[in-house]
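Dear colleague,

I am passing the structure below on to you, and would be glad if you looked through it before reading my notes, which follow directly after it.

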Amino acid sequence: MVLAVVAGAVVWSSSGSAAPPVTTRDATVDVLDGPARDQRVQLSTRLYLPENTPAPAVLLAHGFGGSRDTVAEQARELAQRGFVVLTYSARGFGLSTGKIALNAPDYEVYDAQKLLDYLARQPEVITDGPDDPRVGVTGASYGGALALMLAGTDKRVDAIAPVITYNDLSQALLPNAATTGQTARTPAAGAFSGDGVFKRSWAGLLFSAGAGPRGAGAPGGGAANPGATQQPTQPPTDQPSDQPTQPPSEQPTGASGDQGGQPPAGDATGGPVSCGNFTDEICRAYVEVATTGRASQQTMDLLHSVSPVSVAEHITAPTLLVQGEQDTLFGLDQADATARQISQAGGTVKVIWYPGGHDADSPGPDLRATIGDWLATHLGLPRTSTLDTAAVTTAGFEYSIQGPLRTQRAPTVRTVAAPTYPGLGTESPGTQRQSLALAGNPQPVLRPPGGSPTSISAIPGLGTQTATSSQLANRLALDMPGQTAQFTTEPVTEQILVAGAPTVRLRISSPAGQQGADEAVLFAKLYDVAADGSRTLPGSAVAPLRVTGLPADGSPVEVTVTLPGIVRPVAAGHRLQLVVTTTDLAYATPVQPATHVVALAGDQGLALPVVPGRTVTADSLPTGALWGIGVVLAVCLVLGLVSLVRRRHPEDVAEDLTGVPLVIDGLTKSYPGGLTAVRDLSFRVERGQVLGLLGPNGAGKTTTLRMLMGLVRPTEGSIRVFGHQVSPGAPVLSRIGSFVEGAGFLPHLSGAANLRLYWAATGRPEEQAHFDEALEIAGLGSAVYRKVRTYSQGMRQRLAIAQAMLGLPDLLVLDEPANGLDPPQIHQMRAVLRRYAATGRTVLVSSHLLAEVEQTCSHVVVMHRGQLVAAGPVGEIVADGGEVSFRVDDAETAARVLRELPGVTKVTVAGPDQVHAELDAVPRATAVASLVRADVAVEQVSPRRRLEDVFLELVGEGAAR
Amino acid sequence: MNAREHGPAERGRRREAATGAGGTGGGHDVHTDPAAVAEFTELAEHEHLGVSPVGAAAGYRAGRTLPLRVELARQLGRRRTQLLLGFLVLLPFLLVLAFELGSDSASQRSGGFVDLATSSAPNFVVFVLFVSGNFLLPMIVALFFGDTVASEASWSSLKYLLAIPVPRLRLLRQKALASALLSLFALVLLPAVALVVGLVWYGTGQLVSPSGEALPFGDGLVAVLLAVGYLAVHLCWVAGVALFLSVLTDAPLGAVGGAVLISILSQILDQITALEDLRDYLPTHYAFAWSDLLSSEADWGDMTRGAFSALAFALVFTLLAARRFTTKDITS
């Protein structure tokens, strides 16, 4: 019967680095189907083989308007987790031949049975018996219905997971939500009354998706088929390939973009052109309904026969029903009916409602993993999902609530799980319903002639392009004035989480005497009204009702209306508003004008289904991260202990030097760039000295002082202060008061506050500081209470020197203290320093001015280019009164005269007009008198300063002088 | 010699008087009373402090330097700190004002975000945390930690602190502790003010989570409290990075801006879904994990991962900062 021919090549593919390799095998499977099994169709198939075979199989059916390629990514996902996956193009789609019979038992369902035969013959597939592969069936929408039909027809199916599909096409396309009878006890039960209102826009979109020209019949052609051009190359996360929303919109593009380039195949020529790929039977039925808005019994029977409702009682395979909360085509009531039917016949059913559907997104990665887990568990593969492991594989119920806030990119969603789907089975207590009183007088509603203008609830087929923002879609709703009856609740005091189809009892009547008004076509919807009056129509859904047999005398007919199934948290302070209109854009409304009166029946108000459950969370704490936190804390602890221990390292003390304020030995500081700021510097400072560190700018004075303060680490050599080696933070630094390279104050505080906070930072007793005396020395007067940022350079300088003197340090280090001070201040400071040193303390002053050092210091160290040039008492180095320079007109004569003077030694001629001589005890006046007597004109007599000579030479000004 | 000196002295005095009249004022009273010099030297003559066994001046102990209250006093006196804290107090009022002004065009609102915020006090707090989570909170932490050492360097006061001497690690620790206290205070201040403002304007309603789940007022408060706790832990990474930059540079703006920039960069990279799992290693990836708390059954998974990520970043950068600071030559 089946003449299977393996065509195509084996294609190795590797998608992603970590994903297991998946191979594919294309084949065209020939099937003879039809009532007489004599119509040949060729089904284009592709088999996805996992890494390890044999393995259980999954038959993956595509949505309406799709093909085997539109489910490629999902197939690859399933194959990666270990299934052999068979995808195929259903008859009338893709490269498959034949005509669309809408999952008719003799056509599509029989084809699928033959594909099970084909699977059983593949060596890679585990079999449960001869011709019996271990197989699950899944698919979305049209493919989901096939899964149900196949499972109800063929016992070889071991598990199914139909997604967003229908139970009864006649109720999906011609719904009637009003009933005078009882409604089922399940949460989303619809009335499912006969003689419904035609859902024309969705039906039209679906019909056009199957009716247009297509790129079939191109044997050996490329993979071109509708939807292929929109396939994402990345593993889908947002828009998987089986997106059933797409067909209407993508069909034209898919066809025009047919890469095969072949003319449409001839197998569409059998019927009228308008029928496209549909079988005549389906085509006739559609034309009938689309033109009259009503379905004949024959059409109803046809739709019933191609719907899962016809076989649901035979389904024994474990069934996972996934239905969308944003779905105006196949609402929650469709899955609800399927669940009831399967459960009644004893089958196992799990129901999941997710925040997507034909109006929004396809199942996301997590939900696809759950579907895979369902199949894996029932087909004998390990599960992989980490989500809510317990609830995945058993009967039960999960629904997701889409929150109003978007915290990151996607709307936040939480899932609530209940142990069972309420109302299934006879012993089940049924759905809990919360009553909410509605208020509103009976209101007349008018249907205008021609049914226009129309109210709007949703625009089908907008698909994910706009409806990803359900906020937007929900706000499209529009009610026409005069056509609308409104009934509103009081604001709810606490949040109510509506999960399912609310019901309400209404009284519908026609005014007495109105002609031909024995039936009413109305549309009921339930708005969530915020405190500010903004309305949201959850799920964009509307419940159409056709109430027949309205008495001519104007007395009402009382009906129960099942509103669309929704999942909606109604926030505290919000109201619910029931709106009944006479028209709706998505439905075929009668064209005759009519008036009806809509009234509430009784005072029960709204019955809101509530399904308690627990919020599903990934309850497993990541142990790796917990360990990580532990490790981090442990490292902190260890480091803390180590630093405590290291702080107690022994001090490096030279006992013989404890009385010497400062000994610098072989000090060198060189920088990585090759610059050596200080080279092999050695000197020593004794108590009571005022030592001047003299050198031109850049001589290394400041660097030396920074090393002395422990701010800069010496490259070599050592600095000992009172015998203690100086290092960063060495306690001996507390005996040094310093002012190095500019003041450092907090500009936002006053001078006084700065000094007090500075002293507080030392942690030493306040009485040691002697603030008042130090501030007196600074002499800032009332300015000490002004913020430092208002100070002049000189004021900062004085305050900084005062800060250095706080606590009367044993060694006072001042770097260029005279900078920025005016002469009287300099003069006064010199006195302070000299007197301070006289108290047995030591002062170290750096300067680039010789005069400064000469007038302030007792000792001097001269530096140049980082090296020591001279060191000693200022008096020794600056020869005061000893050597004298004479400027004369005749140097030779002068030298001779001076040499002759008793007591004068070391007479040298320094130039044509200059003579140096050591006068010793000889007064200068005597020397000058002798020269004058010898007829030498004396222009100038001055003490000769060796230091100045040296210094000027160093500074490079000697030549200029 | 004296005669030589007097001329310029007179000129200097005149110059000073002129500038004093020009604006600064009080220049002429900047002088030292000769009596004060005598007094001071007298004092120095008679007072000679002892020396401790480790060679320090008597009264000095490394463990007592730069006490926390001193560092806090130094920081709290700053206009920057006061302005920031003032802004945090003001922000909830500004938001309420914005909601009140914007309420005229109710239907034009941006979805449920604002509706939720104004539904109850806990929701208002959650809203405030949401809107400040991306930039404001990291900025606050970056400001306190990034500025702490760099600003001392820029004022040249760092060298005087180190010359006290405050041991370098201790200085870093005390500064980090003070910054942490200030950051924590700011982090608590904002939701606390928001809560009070929310209570006055929006009442003690339920906390409705972003996923639409409603929690009673009490549970909502607990959730908000835990969220603040998580934020405090999570923002540690910013603290670590900012502290590291603070010891790296002498420019406070560079340290603060650098840390904020890294935070923004991380957020941008986090938007690139193509990076997939790599994004888990971004420090800001779990910045909003606290929203998992707004549920009857909190999922602690992401918060645990977020806490680990933050603490690990904080540890690494703090160690780098300590290493850099203890070995660095202070040249500012």
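In chain A, A:Ile664 stands opposite A:Phe683 in β31(A), where strands are DSSP runs of E of at least two residues, helices are runs of H or I of at least four, and both are numbered from the N terminus. Please bear in mind that this is a predicted model, in which local features need pLDDT of at least 70 and side-chain atom pairs count only at pLDDT 80 or more, while totals for chains, interfaces and linings use all residues. Residues are numbered from 1 along each chain as its sequence is written, and chains are lettered from A and ligands numbered from 1 in the order in which they are written.

Strand β30 (residues 662-670) of chain A pairs with β31(A) in the antiparallel sense over six bridges, two strands being paired if DSSP finds at least two bridges between them. Both belong to an open sheet of four strands in chain A, with the order β31-β30-β33-β34 and antiparallel pairing; its edge strands, each pairing on one side only, are β31 (676-685) and β34 (724-725).

Turning to the two chains together, 95 residues of chain A are in contact with 90 residues of chain B, contact meaning that the C-beta atoms, placed from the backbone, lie within 7 Å. On the chain A side, α14(A) gives the most, with eight residues. By class, that side has 49 nonpolar, 33 polar and 13 charged residues (Ala, Val, Leu, Ile, Met, Phe, Trp, Tyr, Cys and Pro count as nonpolar, Asp, Glu, Lys and Arg as charged, and the others, Gly among them, as polar).

Across the two chains, α16(A) and helix α3 (residues 68-76) of chain B pack at an angle of about 150°, with their axes 9 Å apart (axes are lines fitted to C-alpha atoms, for helices over the stretch in contact, and angles run from 0 to 180 degrees between N-to-C directions). That makes α16(A) roughly antiparallel to α3(B), since angles over 145 degrees count as such. The contact is made by A:Leu757, A:Ala760 and A:Ala761 of α16(A) and by B:Val70, B:Ala73 and B:Arg74 of α3(B), which divide into five nonpolar, no polar and one charged.

Finally, an unreviewed UniProt entry lists residues 624-645 of chain A as "transmembrane region", although such annotations may be inferred rather than shown by experiment. In the model, the end C-alpha atoms of residues 624-645 of chain A lie 31 Å apart, and the span is 100% helix and 0% strand.

With best wishes

Terms used
Angles under 35 degrees count as roughly parallel, over 145 as roughly antiparallel, 65 to 115 as roughly perpendicular and the rest as oblique.
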